[in-house]
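Visitor: I have a model open and want to learn to read its features. Please take me through a few.

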Amino acid sequence: AGYQSIYFFTNVHRSESAWVKASFPHVGGRPYFWDPETGERWKYPYDIDDSELQIYLPPLKSLLLVFDKNLRRVKPYQARKNLTQIAELTPEWKVEGEHVNGQHFQWELTELSDFALSTDPDQNSFAGKLIYSTTFENQGNIGHLHLGETHRGITQVRINGKDAGTNWYGDAVFPISPYLQAGENLLEITYTTVLANYCLDLDDPVALNWTKYGEKVPCGMEGPILLMN
């Protein structure tokens with residue numbers, strides 16, 4: 001009942017951030033941003049005038065901005081601290097492929113790379129789920145995991161068998177400290193691809209028409225995968 005206005009902003013660029021100074025009509029409410037995925041709300045920061053806001057959006061991020069008369073149950077804004085790199089994960093990876101056509105594959109990789117550039121036809125035409133797994137050591141100062149370049153794939157992270165979250169868009173950064181144990185930890189990343197590269201290898205004009213691609217699209221985890229605090 002207290003909502004006055006709702007504004008939606010989005011940055012559709014894959015690599016560039018966006019800044020905009022936005023002016024809003026005085027509607028009798030104070031601004032907060034709302035995360036529809038978690039339901040959390042934070043007061044939106046401003047200098048003097050709550051109708052003049054600086055909007056910042058990282059690549060492939062959006063903002064749902066609400067003006068409300070009643071902010072008693074809204075959290076104060078806390079700027080996210082800049083993450084610092086602790087180490088880059090460069091282990092050997094076990095990769096299981098669950099293809100949409102029912103085939104199953106297993107690969108051992110010494111480094112992460114774009115599957116579309118592979119000379120292995122099972123990799124460069126793959127579509128489905130890729131499950132990357134490895135282990136790493138925790139020295140007690142790890143807070144986040146950054147997956148680097150994911151080529152717009154959907155990524156789900158599991159630490160020691162526990163679900164640490166799913167990323168659909170933007171930077172794939174996961175808070176993982178609640179799931180870590182001292183010493184060795186098991187990391188599993190489930191990566192869901194698009195169908196484009198598989199469709200391009202099919203002798204099917206309908207599939208080719210729906211893909212709208214003339215060449216293979218980047219696919220798979222390319223990293224670098226970083227441990228951060």
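**Reading a helix residue and the aromatic pairs**

Guide: Start with Ala207, which is found in helix H3 (residues 205–211). Helices (H or I, at least four residues) and strands (E, at least two) are DSSP runs, numbered from the N terminus. This is a predicted model, where local features need pLDDT of at least 70, side-chain atom pairs count only at pLDDT 80 or more, and totals for chains, interfaces and linings use all residues. Residues are numbered from 1 along each chain as its sequence is written, and side-chain values use heavy atoms, leaving out hydrogens and water.

Visitor: Is Ala207 buried or exposed?

Guide: Buried means under 20% relative accessible area, exposed over 50%, partly exposed in between (1.4 Å probe, protein chains only). Ala207 has 13% relative accessibility, so it counts as buried.

Visitor: How many aromatic pairs does the structure hold?

Guide: Rings of Phe, Tyr and Trp (its six-membered ring) pair if their centres lie within 6.5 Å; planes under 30 degrees apart count as stacked, over 60 as edge-to-face and the rest as tilted. The structure holds 12 such pairs. One of them is edge-to-face, because the rings of Tyr7 and Phe24 have planes at 70 degrees, with centres 4.7 Å apart. Tyr7 sits in strand S1 (residues 3–10), and Phe24 in the loop between strand S2 (18–23) and strand S3 (30–34), 17 residues apart. Phe24 is buried at 9% relative accessibility.

Visitor: Which residues form one aromatic cluster?

Guide: Tyr7, Phe9, Phe24 and Phe67 do.
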